[in-house]
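Visitor: Hi! Could you walk me through the pockets and salt bridges here?
Guide: Happy to. Let's bring it up.
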Amino acid sequence: MITPKTAPYIFVFPAVVLFLAFTVYPIIASFLLSFQTRVGGVYTFSGFDNYIRLFSDPIFYKALGNTFILLIVQVPIMLFFALILAVFLNSRLLQMKGFYRVSFFTPAVTSLVAASIIFILLLNTDYGLINYILTSIGLEKVNWLTNAFWAKVALIIVTTWRWTGYNMVILLAGLQNIPNELYEAASIDGASTIRKFFYITIPQLKPVLLFCFVLSTIGTFQLFDEPYNLTNGGPNNATLTITYYLYNQGFGYFDFGYASAIAYVIVLFIAILSWLQFKVVKDD
C-alpha cells in the first residue's frame, strides 16, 4: 500500500534494483573472476595466479609505460591549452563568446570513429595534408602512424584535440566564479596582468585544476578509442594502452579472469595517483 512514508521508497526502488544489477553485481563478479582461470572451458578458483602472471608480463609493463607517458606528457599539455583558452574566452573584450565555446567543445562530443578517419587521412605518410605542408616548407615526411615515436605523438595530438575543449569548459566555469573584486583590488595596487594571473587566477582555480587533473588521470587510464581507431595499438605495441590491453585479453583471447585482474590493477593505480594529486596540492 502506498502511503506518504512508503512512496519515496517505492519510487526509488527501481533505480536501486538497476544500480545493484548493473553496477554492484558486475563489480563484485569481476573481482571474483580475477581470482579464477579457465580450464577446459570452465572457470576455477586459482588464487593470485592472474596477479602473479600480470606482474611478470612484459606486454603489461609496455602498456603501462605507454599509459604513463601519455599521462605525464599529454595531460599537462592539454590542461595548459585548456587554461589558456578558458582565460581567453573569459575576457570581456572578446566578441562571439558562445560561438568559440561551442567550437572548442565540439571535439568532445564528436564521433571518435569519424574523427579518427579524418586524422588517419591527415596523417597519411604519402598523401596526408600534414606531410604535404611539411614537404612544402622543405621538411621531410613523417611516418606518423607507422613509426613508434611519431605514433605516440599522433596519439597525443588527437587526445589533446579531443579533450582540451572539455576541460576548458570546466576551467571557464571556475574562472567565472572568481570574485571580480580581487582583480580590481590588484589593479589599484598596480599589479600587472601577469601577476594577477599567477597570484589570483591560479590560486583561485586550484580546486578546479585539481578536479581536471583527477578526471584526466582517470581518462588516461581508460584511454581506448583513440589507439584502437588510429593505430590499433601499434606499431610494435608502441601505442598499446593499459585499457586496450585489457580489451585484447578479455575480448580478443577471452581470458576474462586475467582481464579482470588487469581491471583491478588499473583501479588501484587510479586510486593511488588521485590520492597523490590531492596530497601534492594539499587540498582537503
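Guide: A salt bridge here is a side-chain nitrogen of Lys or Arg within 4 Å of a carboxyl oxygen of Asp or Glu. Please keep in mind that this is a predicted model.

Visitor: How many salt bridges does a search of the whole structure find?
Guide: The search finds two. One joins the side chains of R53 and D255, at 2.7 Å from N to O. R53 sits in helix α2 and D255 in the loop between α12 and α13, 202 residues apart.

Visitor: And is D255 buried or exposed?
Guide: D255 counts as buried because its relative accessibility is 17%, under the 20% cut-off. R53, at 36%, is partly exposed.

Visitor: What about R162 and E226?
Guide: Their side chains meet at 3.9 Å, N to O.

Visitor: Switching topic: how much space lies in the largest pocket?
Guide: About 550 Å³. Its lining has 15 residues, and V87, N90, S91, N180 and Y183 lie nearest the centre. Helices α8 and α9 each give two or more residues to that lining.

Visitor: Which element gives the largest share of its lining?
Guide: α13, with eight residues. α1 and α12 each supply at least two.

Note on methods. Residues are numbered from 1 along each chain as its sequence is written. This is a predicted model: local features need pLDDT of at least 70, side-chain atom pairs count only at pLDDT 80 or more; totals for chains, interfaces and linings use all residues. Side-chain values use heavy atoms; hydrogens and water are left out. On a 1 Å grid over the protein atoms alone, a cavity is a set of points where a 1.4 Å probe fits but cannot get out, and a pocket is an open set with protein on both sides within 12 Å along at least five of seven lines; lining residues have an atom within 4 Å of a point. Grid points are joined across faces, edges and corners, and a volume is the space filled by probe spheres set on the points. Helices (H or I, at least four residues) and strands (E, at least two) are DSSP runs, numbered from the N terminus. Buried means under 20% relative accessible area, exposed over 50%, partly exposed in between (1.4 Å probe, protein chains only).
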